[in-house]
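Please walk through the model shown below, one region at a time.

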Amino acid sequence: MNITKLITTFREIFEVQPEQAFFAPGRINLIGEHTDYNGGHVFPCAITYGTYAVAKKREDNLVRLYSVNFPDKEIIEFDLTKLEYEKQHNWANYPKGMIRYIKEAGFSIPSGFECVIEGNIPNGAGLSSSASIELLTGVLLDGLFKLGIDRLDMIKIGKRVENEFIGVNSGIMDQFAIGMGKENAGILLDCQTLNFHYAPIQLDHHKILIMNTNKRRELADSKYNERRGECEEALSQLQKKLPIEALGQLTEAEFDENQSLIANETVRKRAKHAVYENMRTLKALEELNAGNLEAFGQLMNQSHISLRDDYEVTGVELDSLVEAAWKQPGVIGARMTGAGFGGCAIAIVENEQVESFIENVGAAYQDKIGHQADFYVASIGDGAKEISMEVSE
Ligand code: GLA
């Protein structure tokens, strides 16, 4: 991303010089899918694709935002005292929600500001472009007004925006990965306690590829909420006998023994995924730490199968990509990443095979689905932060 170009755009639009620059990444999740809201573990990392902003404080109460990605929406403007969700404000509801809840958390935002944003995360691809804008706004307000917001609080405020302002009942994984990301490290996060640690990911001979189905995640939000509901139903039936607070507290054996408490077969399958996926995530980390990349890849594959058959959130596009990926030489593992229902999958592929992998999987996908998939090499980068006005990447 060229910050100099972003600064020029800012000057053209607002006719002043911006003062500070900020960045927030997107994320991929390596394993641990649909476990965060079940009190289980996730293992995501921040990627170097993300959202950039340049900004300047104003003297009055106006917030004026412009996105290079949505030029037809022009400048979106609102007053610091009127922070209601407004449909026509579109993407700007994310920053607006952040401003509102940061104020509600007791921070004083003494004036408005102007800001130009540009992202290079493919829109609607399930790489958390929305959480990226949330955390971008968090570091921007923190940096412009020297608020000193604790990072975990900022992450929780981002989640609150998603849940209460936007109305998507998501877990904490995306905001956490984007807020806490670290170059060349995955984050093992216990979503029940929020204890976490970094695990180095040094792939000297492999690349992590992101494969975009280019299927927008339509209906994803309602299906997502439906899955959450099913897991809650399973939990309450298990709680009749077991003293647990979350599905993530069960081992596979404990689940198997007690699964008959769950009356509905579909609901039972959902809960099985949540429990098994959580245990898989812990095993995956052990394998990674022991240098067993092959075993890590096998667990990724099992994760996809469970999301396909038990949790039923993949769909023909993601399955076609992942199943084509499994057949290629030099593939360690492949699975969908994020919420599912379209969006992206990831694969770990030997360096020498990357080119033919992209060609073969791309052709198989085009053949079967009738439109193109896109491929990107993922680098694991830092979390949201202020950046130099000079940076040009
Ligand atoms: C979305 C949500 C996350 C998480 C994943 C599934 O990305 O925002 O909280 O639930 O789906 O693992």
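Where does His34 lie? His34 sits in the loop between strand 1 and strand 2, where helices (H or I, at least four residues) and strands (E, at least two) are DSSP runs numbered from the N terminus. This is a predicted model, in which local features need pLDDT of at least 70 and side-chain atom pairs count only at pLDDT 80 or more, while totals for chains, interfaces and linings use all residues. Residues are numbered from 1 along each chain as its sequence is written, and side-chain values use heavy atoms, with hydrogens and water left out.

His34 counts as buried, at 4% relative accessibility; buried means under 20% relative accessible area, exposed over 50%, and partly exposed in between (1.4 Å probe, protein chains only). Leaving aside neighbours within four places in sequence, His34 is in contact with Tyr224, His273, Ala274, Leu307, Tyr311, Val313, Gly338 and Ala339, contact being heavy atoms within 4.5 Å. The side chain of His34 also makes a polar contact with the side chain of Tyr37, at 2.6 Å. A polar contact is a pair of N or O atoms within 3.5 Å; within protein, one must be able to donate a hydrogen and the other to accept it, and residues adjacent in sequence count only if both atoms are side-chain atoms. The C-alpha atoms of His34 and Met300 are separated by 14 Å, although the two residues are 266 residues apart along the chain.

Another histidine, His304, is placed in helix 9 (residues 293-309). His304 is buried, with a relative accessible area of 0%. A polar atom of the His304 side chain lies 3.1 Å from the backbone nitrogen of Met336. Met336 is also among the contacts of His304 beyond four places in sequence, together with Thr314, Leu318, Asp319, Val322, Trp326, Ala334 and Arg335.

Helix 1 can be read from end to end. The 12 residues of helix 1 (residues 3-14) should span 16 Å at 1.5 Å a residue, and the end C-alpha atoms are 16 Å apart, which agrees; the expected span is 1.5 Å times one less than the number of residues. Buried in helix 1 are Ile3, Leu6, Ile7, Thr9, Phe10 and Phe14. Seen down the axis of helix 1, these buried residues fall within an arc of 160 degrees, so they line one face of the helix; the arc is that of the directions from the helix axis to the C-beta atoms. They pack against strand 2 (41-57), strand 3 (62-67), strand 5 (113-119) and strand 12 (385-387). The face turned away from the buried side carries the exposed residues Lys5 and Glu12. After helix 1 comes Glu15, with a positive phi near 60 degrees.

Which residues of helix 5 are buried? They are Met173, Asp174, Gln175, Phe176, Ala177, Ile178, Gly179 and Met180. Since 8 of the 8 residues of helix 5 (residues 173-180) are buried, this helix is largely enclosed by the rest of the structure. Its cover includes strand 1 (20-31), strand 2, helix 3 (129-145), helix 4 (151-166), strand 6 (185-190) and strand 7 (196-200).

Helix 3 also holds Thr137, which is buried, with a relative accessible area of 5%. A polar atom of the Thr137 side chain lies 2.7 Å from the backbone oxygen of Ile133. Beyond four places in sequence, Thr137 is in contact with Pro95, Met98 and Ile99.

Most residues other than glycine have a negative phi. Ser128, in the loop between strand 5 and helix 3, has a positive phi near 70 degrees. Ser128 is buried, with a relative accessible area of 8%. Phe341 also has a positive phi, near 55 degrees, and lies in the loop between strand 9 (331-337) and strand 10 (344-350). Phe341 counts as buried at 11% relative accessibility.

The structure holds 2 cavities of 30 Å³ or more. On a 1 Å grid over the protein atoms alone, a cavity is a set of points where a 1.4 Å probe fits but cannot get out, and lining residues have an atom within 4 Å of a point. The largest cavity contains about 40 Å³ of space, a volume being the space filled by probe spheres set on the points. Its lining is made up of Leu30, Ile201, Leu203, Ile208, Leu288, Leu293, Phe296 and Ile348.

Technical notes
1 Å grid on protein atoms, 1.4 Å probe; cavity = no way out; pocket = protein on both sides within 12 Å on 5 of 7 lines; lining within 4 Å.
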